[in-house]
Protein chains: 2
Amino acid sequence: MSDFTATKAMFHLPEGVIYLDGNSLGPLPKAAGTMVSDMIEGGWGEMLITGWNKAGWEQLPRQIGDRIARLIGAEPGHVVMGDTLSIKVYQAVASALELNPDRRVVLSDNGNFPSDLYMAQGLLKSLGEDFELRVVDPEAVADHLNEDIAVLMLTEVGYRDGRRHDMAALTERAHATGVLTVWDLAHSAGAIEVDLAGVNADFAVGCTYKYLNGGPGAPAFIYVAPRHAETVRPALSGWLGHEEPFAFDLDYRPGAGIDRMRVGTPPVLAFQPLMAALDIWDMVDMADVRAQSVALCELFIHEVEANCPQVRLGSPRDAAARGSQVSFRFENGFPAMQALIARGVIGDFRAPDTMRFGFTPLYIDRNDVLAAAGVVADVLNNNLWDRQEYKVRSRVT
Amino acid sequence: MSDFTATKAMFHLPEGVIYLDGNSLGPLPKAAGTMVSDMIEGGWGEMLITGWNKAGWEQLPRQIGDRIARLIGAEPGHVVMGDTLSIKVYQAVASALELNPDRRVVLSDNGNFPSDLYMAQGLLKSLGEDFELRVVDPEAVADHLNEDIAVLMLTEVGYRDGRRHDMAALTERAHATGVLTVWDLAHSAGAIEVDLAGVNADFAVGCTYKYLNGGPGAPAFIYVAPRHAETVRPALSGWLGHEEPFAFDLDYRPGAGIDRMRVGTPPVLAFQPLMAALDIWDMVDMADVRAQSVALCELFIHEVEANCPQVRLGSPRDAAARGSQVSFRFENGFPAMQALIARGVIGDFRAPDTMRFGFTPLYIDRNDVLAAAGVVADVLNNNLWDRQEYKVRSRVT
């Protein structure tokens, strides 16, 4: 049984804060600072260029990929780190399209994270006018899988409402119509149980700064199913994906398997906090994390609904159809969230009216949930949000 | 006059090491560790998600871009940080190609860094069979500029030999034949004087882990000339390049000017050492850096040639045609470089026979050059490289 008291003690959580926004940016693992310092002072400072070999920096994208593979049910050796999630979405979709060369449509849903849609739009525009991004309601995705579709590009858990797609069923149905799948695990990795190998996913991508707690702007990952790994063309074909990077050949030759999805020089410094976070992940089992996440979400929903008639649940009521977050819709959600943050309950807001709360068993427990729900009730029932200072918006909210 | 004694004191240089590989990975600015710690403990740790606003993380890609703009002669407000250099090459070439829609050829040279060629190959393959990457000798580039060419993609200073293209002349000639230019400044930024605005460059990209000393895998930058900034389509169209990222629209609308070249969530942690390095860059003038770099390179060439008949100069003899590195060719260059490194003189090796030495006035002075040349002479003239342990190769060299 995973010991969540032990994991909670390994995070720095500011005094007076209940942090329910780990679905946006995970908190700081206490060991991160030391790992970063060691890499800076002992690695970069002392080893300089030789650190690529001596400190093993060159191996990190694959080593870290393997540690994440365990959390998402991927076969070892088929996940690699690099770039941002947006870039990895582009790479996965571009690569998948080429494996389905007679088709021209990418299917997605309007609950997908906009950057995924934007990256696909940018790619398809480059590829030509006969390519199309088809965006439908999340509930309608299965019905739109047909012989036109080359690639199904979905985020498993919706960023706004926490709605969860049935990855197994949709992947099976996609394959039955000759469609390849690209799954974005931004709100899945470290949040719910994922079984990429078991569901026969083709490609998957994800970020590491949310539930995985890798830090602001931490690198992304990409998974390619073993059956595609030696045939796929990476589209973004950089030198570290080359079969022999230090031969400095003039022509690209893809590296073996997942190595070919590497692109440029990896962000060694940014890997360090992520490794500190993965040391904590190594202590837990995803089945335990999921069970506790469901319990925390259910408790929060119950408490808020019992006390706050102003809001309505924006997430699926069925836990099995939900990720590890709970959204409540409230017309004054923006100032309400600012008021909550001022009271130390940190969630976030997504336009037009969604208040998001993420539940992360590694460092959030039942007492936190009860306390947070109490603050929500106080803020809403006493209109504490109705102050001008809470209504000022900035570019990043 | 720039004070290079003062700048040298601001870097950590390991005891007993003369570091002539700053053209590959710059050394550690002493202030980097503190800046990183402050961001981790005080920023991420205490501010959590609110750091994007409160700590100004969201503004860093443009703010840092402006500091680099000064070093490369770019107009303020037209450089932005993000991704790796390989990704930025892809974005620049893809964007430039669309601005020249009736042409299908990208022209480059065989002295370019292979990743640039690979990224272009990957892009052009995606775009279709009528697109072509034409690779010629560096000396022949000007003669191959004609009405077929859409984009001229060059690295100003060659990674292997330090050969420098005439950016002004080639850009002018490119424009005269309707060709757009993409300049890779990997070995230029912080190495030589660059005047992007003055030469009318169209696009430029570069990394920050070499002469700029941003740390292993530090983020890249991209420049788009003001005349293209409001019309270019970024090709890699991510949410942070959107006009209104937090509106979460389903359709991409490019942000104003250089903001549209942003893609995913920026690497906040990795920016910190770069900012420490830029504090040092703020103390110097690039004209002084260039003058001192030429003096150091000339001194090293003179000393090595006077004492080591085994090697021949692999870089241009004319300082004006050279960047800030000196290459010597030697058939036993690989073990010789290993022997030099064992003696504390760190340069690097590029296949098949090139020993590279980078000269970086911020932390290398005349005494370093004389001492290094002495070690080179000792290693070569006494065959100290002829040991088995120096002949073992690894993936990264």
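1. The interface. Contact between the two chains involves 78 residues from chain A and 78 residues from chain B. On the chain A side, the elements giving two or more residues are helices H2 (32-47), H3 (51-54), H5 (85-98), H6 (114-127) and H10, together with strand S14 (348-350). By class, the chain A residues that touch chain B are 45 nonpolar, 24 polar and nine charged. Note that this is a predicted model.

2. The H10 pair. Helix H10 spans residues 268-281 in chain A and residues 268-281 in chain B. The two helices pack against each other at about 135°, and their axes lie 8 Å apart. Angles over 145 degrees would count as roughly antiparallel, and 65 to 115 as roughly perpendicular. H10(A) and H10(B) are therefore oblique to each other. Their crossing is right-handed.

3. Who meets whom in H10. From H10(A) come A:Leu269, A:Ala270 and A:Pro273. They meet B:Leu269, B:Ala270 and B:Pro273 in H10(B). The class count for this contact is six nonpolar residues, no polar and no charged.

4. Chain A as a whole. Chain A contains 13 helices and 15 strands. Its C-alpha trace spans about 70 × 55 × 40 Å along the principal axes. A compact globule of 397 residues would have a radius of gyration near 21 Å; chain A has 21 Å, so the two agree. Buried residues make up 57% of the 397 in chain A. Now take the contacts in chain A with a separation of 6 or more: residues 24 or more positions apart account for 72% of them.

5. Cis peptide bonds. In chain A, the bond from A:Ala351 to A:Pro352 is cis, with omega near 5°. A:Pro352 sits in the loop between S14 and strand S15 (354-358) of chain A. In chain B, the bond from B:Ala351 to B:Pro352 is also cis, with omega near 0°. B:Pro352 is in the loop between strand S14 (348-350) and strand S15 (354-358) of chain B. S14 of chain A has come up already: it is among the elements on the side that touches chain B.

6. Positive phi at A:Asn200. This residue is not a glycine, yet its phi is positive, near 65°. A:Asn200 belongs to the loop between helix H8 (196-199) and strand S9 (203-206) of chain A.

7. Positive phi at A:Asn213. Here too phi is positive, at about 65°, in a residue that is not a glycine. A:Asn213 is found in the loop between S9 and strand S10 (221-224) of chain A. Its count is 28 other C-beta atoms within 10 Å, so A:Asn213 is buried.

8. A residue in chain B: B:Ala373. B:Ala373 lies in helix H13 (residues 366-381) of chain B. Why does B:Ala373 count as buried? Because B:Ala373 has 23 C-beta neighbours inside 10 Å, and the cut-off is 20 or more. Leaving out residues up to four places away in sequence, B:Ala373 touches B:Phe300, B:Glu303 and B:Val304. B:Val93 is 280 residues from B:Ala373 in sequence. In space, B:Val93 and B:Ala373 are 40 Å apart, C-alpha to C-alpha.

Note on methods:
Residues are numbered from 1 along each chain as its sequence is written. Chains are lettered from A and ligands numbered from 1 in the order in which they are written. This is a predicted model: local features need pLDDT of at least 70, side-chain atom pairs count only at pLDDT 80 or more; totals for chains, interfaces and linings use all residues. Axes are lines fitted to C-alpha atoms, for helices over the stretch in contact, and angles run from 0 to 180 degrees between N-to-C directions. Helices (H or I, at least four residues) and strands (E, at least two) are DSSP runs, numbered from the N terminus. Angles under 35 degrees count as roughly parallel, over 145 as roughly antiparallel, 65 to 115 as roughly perpendicular and the rest as oblique. A crossing is left-handed if the near helix is turned anticlockwise from the far one by less than a right angle, and right-handed if clockwise. Two residues are in contact if their C-beta atoms, placed from the backbone, lie within 7 Å. Ala, Val, Leu, Ile, Met, Phe, Trp, Tyr, Cys and Pro count as nonpolar, Asp, Glu, Lys and Arg as charged, and the others, Gly among them, as polar. The radius of gyration is taken over C-alpha atoms; the globule rule is 2.2 Å times the number of residues to the power 0.38. A residue is buried if 20 or more other C-beta atoms lie within 10 Å of its own, exposed if 12 or fewer, and partly exposed in between; C-beta atoms are placed from the backbone.
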